[in-house]
Amino acid sequence: MSLYRPDALDYRRHAWSGKALLLSGLPVWLVSSVTLLFFSGCIAFLLLGSYTRRINVNGEMVSVPRAVNVMSPRHGFIINRLVEPGDTVKKGQVIYAIDVSRTTTSGVVSQHQRKDIEEQIRTVGSMIIRLQESKQVTLDMLLQQQTRYQAAQANSAEILKKAQEGLSIIKANMENYQRYQQSGLINKDQLTSQIALYYQQQNELQTLRGQHENNALQVLTLEGNIRIQAADFDNQIYRLNMQRNDLKRQLTDAEAAGTLLITSPVEGRVDSLSVTPGQMVNGGDSLAQILPGSVSRFELVLWVPDNAVPFLKIDDRVNIRYDAFSSDKFGQFPGSISGISATPSSWQERATYPAAPHAEQSGPNTWYKITVQPDSSTFSWQGRPLEAENGMKATSTLFLEQRKLYQWILSPLYDIRDSVGGITDG
């Protein structure tokens, strides 16, 4: 049995702690106006507002002119380094010496090959010298014979001339004897003797003329022999010289099979050296980087997918963030597009840039090379200037096409329209 009345307990449970205050509601016109204003603002924002699509692409800083990367052509060991970073080198100056020799039980193969080829070169050189001496002796003898035949030809010409003069005198005497015989001053035997003397002299003149022609023919024959012999010796010497040049080329190959000298392909300054003496290198490994001439400026090389290239143009402004200079401390750096490639870049070209996308990376497989000129390539940190360097990685924000906000919102509907539409009339 309870000590208190139920009415008292019920009153205690439902009693209010304070007075109830009833407020009147907001006017309907105020709520309607605020709602209408809100939706009007949203619609105006969608209709009048716009948004520019942007993408972030990666790239790296390169110098102009770009650093030349010197590669190792073969596998071997670095035995000597002849330059240091910062040195000025000339074109063809030796940078590294690489040992690429092979060794067998009989010794180093390249050394044996070099000795054999050097011996062959000496032998061929001796043969060339002997041929040159033989050529000189042979030509001297032929020239002496030609000189003697020329002298004999001149002598026979003089004798022939005198014989012709004597024959003319004898012929005149024979004609006089004929007149004398007709006049009865001499007998017939005397005339016959004079005629026989004339024909005898004529035969001797023909003999002298034949000897003179023979001397002239010998002179021409010797002149032809001189030319033929000289050409024959020259051909032999030429063949031996070709053989010696081929042996020299083999000697160069044999020396290359032993110690390979890496030279600078350009004149410039050594920017960096990748390997040290005693280190093993493979074919295609980077050995050094050389800056040709003096660096005029730095530019940023970016790799942009094909769906963004049509919206870019020269002198477009971009924002640049360098990995070496954190954006939360240094902020973003401005720049402008200075070049856009007209054709997609090949994988061989991208392979020369460490920050370039490769085929195994996700995303589109077609990339275009974009060059950006930063407004400044010099940075400052606590009053200390910092210069840009080759290979500095960076991320750039590119601003593409600009649309109204409602167009971006309705863009999925465009895709649906295109997918359900029929063939487009041209």
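This is a predicted model: local features need pLDDT of at least 70, side-chain atom pairs count only at pLDDT 80 or more; totals for chains, interfaces and linings use all residues.
Reader: Is His 212 buried or exposed?

Author: Buried means under 20% relative accessible area, exposed means over 50%, and partly exposed is in between (1.4 Å probe, protein chains only). His 212 has a relative accessible area of 15%, so it counts as buried. Gln 200 also lies in helix 4, but at 44% relative accessibility Gln 200 is partly exposed.

Reader: What does His 212 touch?

Author: A contact means heavy atoms within 4.5 Å. Not counting residues up to four places away in sequence, His 212 touches Gln 153, Ser 156, Ala 157 and Leu 160. For the chain, residues 24 or more positions apart account for 81% of the contacts with a separation of 6 or more.

Reader: How should I read a nonpolar core, and which residues have the most contacts inside the largest one?

Author: In soluble globular proteins, nonpolar side chains tend to be buried together. A core here is a set of buried Ala, Val, Leu, Ile, Met, Phe, Trp, Tyr and Cys residues joined through side-chain atoms within 4.5 Å. The largest has 26 residues, and those with the most contacts inside it are Val 304, Ile 320, Tyr 322, Val 372, Phe 379 and Leu 398. Strand 12 (297–305) gives this core its largest share, four residues. Leaving aside neighbours within four places in sequence, Leu 398 is in contact with residues including Arg 53, Ile 55, Val 57 and Val 304. A second, separate core has 17 residues, among them Ile 78, Val 89, Tyr 96 and Val 100.

Reader: Now pockets. How much space lies in the largest pocket?

Author: On a 1 Å grid over the protein atoms alone, a pocket is an open set of points where a 1.4 Å probe fits, with protein on both sides within 12 Å along at least five of seven lines; lining residues have an atom within 4 Å of a point. Grid points are joined across faces, edges and corners, and the volume is the space filled by probe spheres set on the points. In this model the largest pocket holds about 250 Å³. Of its 13 lining residues, the closest to its centre are Arg 66, Ala 67, Gln 289, Thr 352 and Pro 354. Strand 1 gives the largest share of the lining, three residues.

Reader: Where is Asp 315, and what is its phi?

Author: Most residues other than glycine have a negative phi. Asp 315 has a positive phi of about 75 degrees, although it is not a glycine. Its place is the loop between strand 12 and strand 13, and with a relative accessible area of 57% Asp 315 is exposed.

Reader: And how many aromatic pairs are there?

Author: Rings of Phe, Tyr and Trp (its six-membered ring) pair if their centres lie within 6.5 Å; planes under 30 degrees apart count as stacked, over 60 as edge-to-face and the rest as tilted. The count comes to three. One of them joins Phe 38 and Phe 39, edge-to-face, at 5.5 Å centre to centre with 75 degrees between the planes.

Key. Residues are numbered from 1 along each chain as its sequence is written. Side-chain values use heavy atoms; hydrogens and water are left out. Helices (H or I, at least four residues) and strands (E, at least two) are DSSP runs, numbered from the N terminus.
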